[in-house]
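Hi,

Here is the structure I promised to pass on to you. Could you have a look and keep it open while you read my notes?

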Amino acid sequence: MDHSPRRRHHDWRRRLIEIFSQNSPKIFEQSQQRSISGMKPLRILRSACCAFVFAFCTLASNAQVKECTEAEQREIISTHSRDWKALYVVFKRLAHCDDGAMAESFSDDVVRMLSKDWKHIEDLDTLNASDRNFRRFVLNHIDSTTNPDDLKMVISNSRARCPATARPLCRSIEIQAKSALKEQAEFSK
């Protein structure tokens, strides 16, 4: 058996190609398009590490996606949040269900509270300051699936009734509500 450095290099390269071909046909095809023979071992190792890190991150992100059960869907559709704290609790438990009819239910709750229960906007501002994901969730649910009269009331509230401490939030809410109304107008044409 030849243990020369060149022989070990070729054995290592052959093993790397086997790993690529078994684990990722696309990576294997790409590696075949470029000649590995001209690559230095360190460059091959670095490329392999990058490919494995990418694959691991992709698998990890896919593994974190949680299925929304039928019971959770029924809970969202049948429950309407009374205030921002209640919506936050639902968000923390069931944000993974934010799709389809459940998303429309979330949107109805958000726009309803912004149009008819503006006096608690400071509660929303406090929750948004502590959790950026909740802020994004709330703003994303000021959308065109909701009542246009409620959206107009949201714009009015954000302009006329905004406390000084919540001005940036009010501005973001106003922008989202205007965008939702504009989208509704485009659909109705």
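Predicted model: local features only at pLDDT ≥ 70, side-chain atom pairs only at ≥ 80, totals over all residues.

Residues are numbered from 1 along each chain as its sequence is written, and side-chain values use heavy atoms, with hydrogens and water left out.

**Overall fold**

The protein has 10 helices and zero strands; both are DSSP runs numbered from the N terminus (helices are H or I with at least four residues, strands are E with at least two). Of its 189 residues, 37% count as buried, meaning under 20% relative accessible area, with exposed being over 50% and partly exposed in between (1.4 Å probe, protein chains only). Looking at contacts (heavy atoms within 4.5 Å), residues 24 or more positions apart account for 75% of those with a separation of 6 or more.

**Disulfides**

As a reminder, a disulfide is a covalent bond between the sulfur atoms of two cysteines. I took a pair of cysteine sulfur atoms within 2.5 Å as a disulfide, and by this rule the count comes to two.

One joins Cys68 to Cys97, with an S to S distance of 1.9 Å. This pair links distant parts of the chain, 29 residues apart: Cys68 sits in the loop between helix H3 (41–63) and helix H4 (70–78), and Cys97 in the loop between H5 and H6. The link is right-handed, with 105° about the S-S bond. Cys68 is buried at a relative accessible area of 16%, and Cys97 is buried at 1%.

Another disulfide joins Cys162 to Cys170, S to S 2.0 Å. The link of Cys162 and Cys170 is right-handed too, with 95° about the S-S bond. Cys162 counts as buried at 10% relative accessibility, as does Cys170 at 2%. With bonded cysteines counted along the chain, the pattern is 1-2, 3-4.

**Two helix pairs**

Helix H5 (residues 84–94) and helix H6 (residues 100–116) pack at an angle of about 160°, with their axes 11 Å apart. Axes here are lines fitted to C-alpha atoms, for helices over the stretch in contact, and angles run from 0 to 180 degrees between N-to-C directions. H5 and H6 are therefore roughly antiparallel to each other (over 145 degrees; under 35 is roughly parallel, 65 to 115 roughly perpendicular and the rest oblique). On the H5 side, Trp84, Leu87, Val90 and Leu94 meet Phe106, Val110, Met113 and Leu114 in H6. The residues of this contact divide into eight nonpolar, no polar and no charged.

Helix H8 (residues 132–140) and helix H10 (residues 167–188) pack at about 35°, with axes 9 Å apart. Here Arg135, Leu139 and Asn140 in H8 meet Pro168, Leu169, Ser172, Ile173 and Gln176 in H10. This contact has four nonpolar, three polar and one charged residue. (Ala, Val, Leu, Ile, Met, Phe, Trp, Tyr, Cys and Pro count as nonpolar, Asp, Glu, Lys and Arg as charged, and the others, Gly among them, as polar.)

**A look at Ile173**

Ile173 lies in helix H10 and counts as buried, at 0% relative accessibility. Not counting residues up to four places away in sequence, Ile173 touches Leu114, Trp118, Ile121, Leu124, Leu139, Ile142, Val154 and Ser158.

Best wishes
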